[in-house]
Amino acid sequence: MAVHRRLQLTEVGDVTVVRFVDRKILDEANIQELGQELFQLVEEENRKSLLLNFLSVEFLSSAALGKLITLDKKVKAHGGKLKLSNIRPEIYEVFAITKLNKLFDIKDDEADALASF
Amino acid sequence: MMRRTPWPAFERSPFGARILETNCGKAEPKTGKLAVATFSSPLEPQAFHVRHDKWCEMANEPTTWTFERTISSDLASGHQVLEDLLGRLQAEDWDSRQMFGIRLALEEAVVNAIKHGNCLDYNKQVHVICHSTPEKIWIKISDQGKGFNPEHVPDCTDSDHIDCPSGRGIMLMRNFMNRVEYNQKGNVVELEKRRGQDTPCCNGCD
């Protein structure tokens, strides 16, 4: 079983719910590590249904957005589904400004997101 | 021995002197603090030609405080300077959304300067200066890189580029600040946030 330093994982049925350890996702080294751990879920652990719960995340930079976009590509390439939930308004605005709210399937909360898989 | 790229402006005088060299004549600061604040640039004077009007405008405003640092091109130093500057701003009356936007814009600008401007070259430096006035904060971030043309950055909201993993930093800066301008060379960015005049929630989004 892979060790995850930047992520906390729980299984709800077939869905892997991912929460973030860091409240602020901005440090370059942490973002690189975060990206590797997320990609590992898809490429090595072969998880098909991922829900990223942003409840604990207060801040993220465009570098973190880049990792999410790459993750989305990898999930789609593996025939999986990726959903996001519990994004606070300031961070949702970042997704809206960059129009990534159209790329990602974003739900209000975890229950909504789980029901939509 | 580590050899750094020299900055003539700093070698001459770290404070004050070059304010006299601007095109708008000798500025008369309204407060004593501004006299200490530097408007000199670590970059060549011609790089600032297009923005001298703004420099002069700022020179005639009372400054509450000035923050200035020069750092090496490593991201840890960049984040430390951001935390120090944001600590100053948190003591003021910015609301949480404004603070979020300022933090995000500064993060993007400083990381751009270190990573894309100076290419993480430890021999190059990044200069950060922030003036706080009763009306606004004004920040200038300068690197020693080749510069770039911000107009050539692809629009990542375009459907052809929506899945491009980079290129959103400038867009976020422009949405969360009231003014974002680059010099001609593209290695200096000025950011301005006016108090009590927030940017609209998500400019141009639907």
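Which residue stands opposite A:Ser85 in strand 7 of chain A? A:Lys107 does, and this briefing starts from there and walks through both chains. This is a predicted model, where local features need pLDDT of at least 70, side-chain atom pairs count only at pLDDT 80 or more, and totals for chains, interfaces and linings use all residues. Residues are numbered from 1 along each chain as its sequence is written, while chains are lettered from A and ligands numbered from 1 in the order in which they are written.

**The sheet of chain A**

- Chain A has an open sheet of 5 strands in the order 1-2-4-6-7, with mixed pairing. Strands here are DSSP runs of E with at least two residues, helices are runs of H or I with at least four residues, and both are numbered from the N terminus. Two strands pair if DSSP finds at least two bridges between them.
- At the edges sit strand 1 (7-12) and strand 7 of chain A, each pairing on one side only.
- On average, neighbouring strands of this sheet are turned by 25° against each other, direction ignored. For such angles, axes are lines fitted to C-alpha atoms (for helices, over the stretch in contact), and the angles run from 0 to 180 degrees between N-to-C directions.
- Strand 6 (residues 81-85) of chain A has 4 of its 5 residues buried, so it is largely enclosed by the rest of the structure. A residue is buried if 20 or more other C-beta atoms lie within 10 Å of its own, exposed if 12 or fewer, and partly exposed in between, with C-beta atoms placed from the backbone.
- Strand 4 (residues 49-53) of chain A pairs with strand 6 of chain A in the parallel sense over 5 bridges, and A:Leu50 stands opposite A:Leu82.
- Strand 6 of chain A also pairs with strand 7 of chain A, in the parallel sense over 3 bridges. Here A:Lys83 has A:Asp105 as its bridge partner.

**Helix 3 of chain A**

- Helix 3 (residues 89-97) of chain A has these buried residues: A:Ile91, A:Glu93, A:Val94, A:Phe95, A:Ala96 and A:Ile97.
- They pack against strand 5 (59-60), helix 4 (100-103) and strand 7 (105-107) of chain A, together with helix 6 of chain B.
- After helix 3 of chain A comes A:Lys99, with a positive phi near 60°.

**Chain B at a glance**

- Chain B has 6 helices and 5 strands, and along the sequence they run α-α-α-β-α-α-β-β-α-β-β.
- Of the 206 residues in chain B, 35% are buried.
- The 5 strands of chain B form an open, antiparallel sheet in the order 1-2-3-5-4. Strand 1 (65-72) and strand 4 (179-182) of chain B each have a single partner strand, so one side of each is left without a neighbour in the sheet.
- Neighbouring strands of this sheet are turned by 10° against each other on average, direction ignored.
- Strand 3 (residues 136-142) and strand 5 (residues 188-194) of chain B pair in the antiparallel sense over 7 bridges, with B:Ser142 opposite B:Val188.

- Helix 5 (residues 96-117) and helix 6 (residues 169-176) of chain B pack at an angle of about 145°, with their axes 9 Å apart.
- Contact residues of helix 5 of chain B include B:Leu104 and B:Ala105, and those of helix 6 of chain B include B:Leu172 and B:Met173. Two residues are in contact if their C-beta atoms, placed from the backbone, lie within 7 Å.
- By class, that contact has 6 nonpolar, 3 polar and 1 charged residues. Ala, Val, Leu, Ile, Met, Phe, Trp, Tyr, Cys and Pro count as nonpolar, Asp, Glu, Lys and Arg as charged, and the others, Gly among them, as polar.
- The largest nonpolar core has 66 residues, and B:Ala105, B:Ala109, B:Val110 and B:Met173 touch the most other members. Such a core is a set of buried Ala, Val, Leu, Ile, Met, Phe, Trp, Tyr and Cys residues joined through C-beta atoms within 7 Å.
- Helix 5 of chain B gives the most to this core, with 10 residues.
- Leaving aside neighbours within four places in sequence, B:Met173 is in contact with B:Ala105, B:Glu108, B:Ala109, B:Val180 and B:Leu191.

**Where the chains meet**

- The contact between the chains takes 23 residues from chain B and 20 residues from chain A.
- Helix 5 of chain B gives the most to the side of chain B that touches chain A, with 7 residues.
- By class, that side of chain B has 12 nonpolar, 5 polar and 6 charged residues.
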